[in-house]
Amino acid sequence: MFVNSINNFRAIAIILIVFAHMFGFSGLEYHGVNLPFHAGALINIIAGGTALFVFISGFMFHHVFYEKYNFKKFIKNKFKNILIPYLFLGFIPVFLYIYLNKNVYDGYFLPTGNGAFFEYLIPAFKYYWTGAFLVAYWYIPFVLVVFLLSPLHFIFVSQSLFCQLLIISILLSVSIFIHRPIDNLSVFQSVIYYTPIYLYGITFSKNKGLFYRVLDEYIHWIFLSIVLLSFYQTYIGHIGNYHKSPMIFNGIDVLLIQKLLMCNFLAVWLHRYEAVDNRYISVLASTSFTVFFLHPFIIWGITKMKSSSVIYFLSSHYPWLLLFLSTFIVILICVAIAICVKRLLPKYSRYLIGY
């Protein structure tokens, strides 16, 4: 059964993700230098939207795939719809990075020896394994590893609600201390970090009737908690996502807790409007993964225009206006490309751009 509220949830998630990736272009100081308190708090609400995508993915695993789950078919489908466009869209960026011999991430991707194997194959593998060649692309190898763990998720579904919540609580207590990996380079740290959110999406789908009924009574308190956590994170001087080495203590990841609450809030609030079907939101939701794939390219393109006097003026004086305008333009271009490619190459568009 199609869940319209989750479809709308997907549209909101991709908007927040693109928003967060436009902070640099808009001129906002992401790390909090000379940033007003209210602006930092708003950035903390926008940042971390990937967790929403992870929650939706977990929800859909149970809602769509669980009943007729077959590991081979499940993985084949995911590799076809995600891995192939990832390899295709990443080819030119990876090739250019290797060809230019660019020293990034302290030389992690530089050749470790002579010959084609060390100079090209190993660096290419590292780029594809980490997704470090484009902003946000780290998510693809991460989520593919999550899908490879689906037999464990299948077993998780059969557990009682108490057992599921206990497992999620234990894993969440680990996630809030290990944080996200530095530069998002560690796939396995990302898997550990986001697994409780993925499992919570599964649990929410399995018990959605109960969750909708109970959480709806507290939806205003959930929203207030999101705002207060954003204020607290800003007050302690942390803007945006938490990144560090896993075994170094650096406090609690407040943003992850906030995003878990946001998953609850959006799922329950949007459920109130289950019957409302907006054409534009539906189009954005259906093309959301393509927007995810394409928006780094569009951002790279418009960043070249930042020297423009108009953009420079807006980034200096009206960064929030530039943020909203540029995010809207980037999303619009991505959706337009998705629709055009789908119409021109209906049999191959899914392999090229994931739509």
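Me: At what angle do helix H4 and helix H13 pack, and how far apart are their axes?
Reply: In this predicted model, where local features need pLDDT of at least 70 and side-chain atom pairs count only at pLDDT 80 or more, totals for chains, interfaces and linings use all residues. Residues are numbered from 1 along each chain, and side-chain values use heavy atoms, without hydrogens and water. H4 (residues 50-66) and H13 (residues 254-271) pack at about 60°, with axes 9 Å apart.

Me: Why is H4 called oblique to H13?
Reply: Angles under 35 degrees count as roughly parallel, over 145 as roughly antiparallel, 65 to 115 as roughly perpendicular and the rest as oblique. The angle is about 60°, and that makes H4 oblique to H13.

Me: Which residues make the contact between H4 and H13?
Reply: With contact meaning heavy atoms within 4.5 Å, Ala51, Leu52 and Phe55 of H4 meet Lys259, Met262, Cys263, Leu266 and Ala267 of H13.

Me: What makes up this contact of H4 with H13 by class?
Reply: Ala, Val, Leu, Ile, Met, Phe, Trp, Tyr, Cys and Pro count as nonpolar, Asp, Glu, Lys and Arg as charged, and the others, Gly among them, as polar. The contact therefore has 7 nonpolar, no polar and 1 charged residues.

Me: Which element gives the most to the lining of the second largest pocket?
Reply: H4 does, with 8 residues.

Key:
Axes are lines fitted to C-alpha atoms, for helices over the stretch in contact, and angles run from 0 to 180 degrees between N-to-C directions. Helices (H or I, at least four residues) and strands (E, at least two) are DSSP runs, numbered from the N terminus.
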